[in-house]
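Reader: Before we look at anything in detail, please show me the model, and then take me through its features one at a time, with the general idea ahead of the particular case.

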Amino acid sequence: MAIEIAPIKTETYLTFYDAKFFILFLDIDNKKGWRLPTLRELNGLNMYGAYWCAEDEGHLEKWPENKKWKVIAVRDIN
């Protein structure tokens, strides 16, 4: 499945749940359904720096609750 990368990324660092909240209400040109990329998708984007990915939710115990990383949103396109 192909993905679309949001033209907007936050250079502001957000906690994981703030990042999910940001993406939940993201509306770009009436496009909705944005999400955090999977780790595989994120690696394929060649994004450098610390970005949240969908799998991080299962590993939050590794980091302090207030850990902040950047956010990029993607959505599935058919």
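Author: Let us begin with the surface: accessible areas come from the Shrake-Rupley method with a 1.4 Å probe, and for residues only the protein chains shown count as cover. For the protein chain the accessible surface comes to about 5300 Å², and carbon and sulfur atoms hold 53% of that area. Residues are numbered from 1 along each chain as its sequence is written, and side-chain values use heavy atoms, with hydrogens and water left out.

Reader: How should I read the confidence, and where in the protein chain is it lowest and where highest?

Author: The scale, pLDDT, is the predictor's confidence in each residue, from 0 to 100, and where pLDDT is low, the predicted coordinates should not be read in detail. Here the protein chain averages 88, with 99% of the residues scoring at least 70. Confidence is lowest in strand E1, residues 2-14, where the mean is 84, and highest in helix H1, residues 16-24, where it is 93.

Reader: What pattern does the protein chain follow along the sequence?

Author: Helices (H or I, at least four residues) and strands (E, at least two) are DSSP runs, numbered from the N terminus. By that assignment the protein chain has 2 helices and 2 strands, and read along the sequence they follow the pattern β-α-α-β.

Reader: Turning to overall shape, what radius of gyration does the protein chain have, and what would a compact globule have?

Author: The radius of gyration is taken over C-alpha atoms, and the globule rule is 2.2 Å times the number of residues to the power 0.38. For 78 residues a compact globule would have a value near 12 Å, and because the protein chain has 12 Å, the two agree. Along its principal axes the C-alpha trace spans about 35 × 25 × 20 Å. Contact means heavy atoms within 4.5 Å, and among the contacts with a separation of 6 or more, 65% are accounted for by residues 24 or more positions apart.

Reader: How many of the side chains are positive and how many negative?

Author: Lys and Arg count as positive and Asp and Glu as negative, whereas His and the chain ends are not counted; the place of a charge is taken as NZ of Lys, CZ of Arg, CG of Asp or CD of Glu. The protein chain has 11 positive and 12 negative side chains, and the centres of the two sets lie 3 Å apart.

Reader: Is arginine 75 buried or exposed?

Author: Buried means under 20% relative accessible area, exposed over 50%, and partly exposed in between (1.4 Å probe, protein chains only); on this scale 36% of the 78 residues count as buried. Arginine 75 is in strand E2, residues 69-77, and counts as buried because its relative accessibility is 17%. Leaving out residues up to four places away in sequence, arginine 75 touches Ala2, Ile3, Glu4, Lys31, Lys32, Gly33 and Trp34.

Reader: Which residues is cysteine 53 in contact with, leaving aside its neighbours within four places in sequence?

Author: They are Phe16, Leu36, Pro37, Thr38, Leu39 and Leu42. Cysteine 53 lies in the loop between H2 and E2 and, at 3% relative accessibility, counts as buried.

Definitions and conventions. Predicted model: local features only at pLDDT ≥ 70, side-chain atom pairs only at ≥ 80, totals over all residues.
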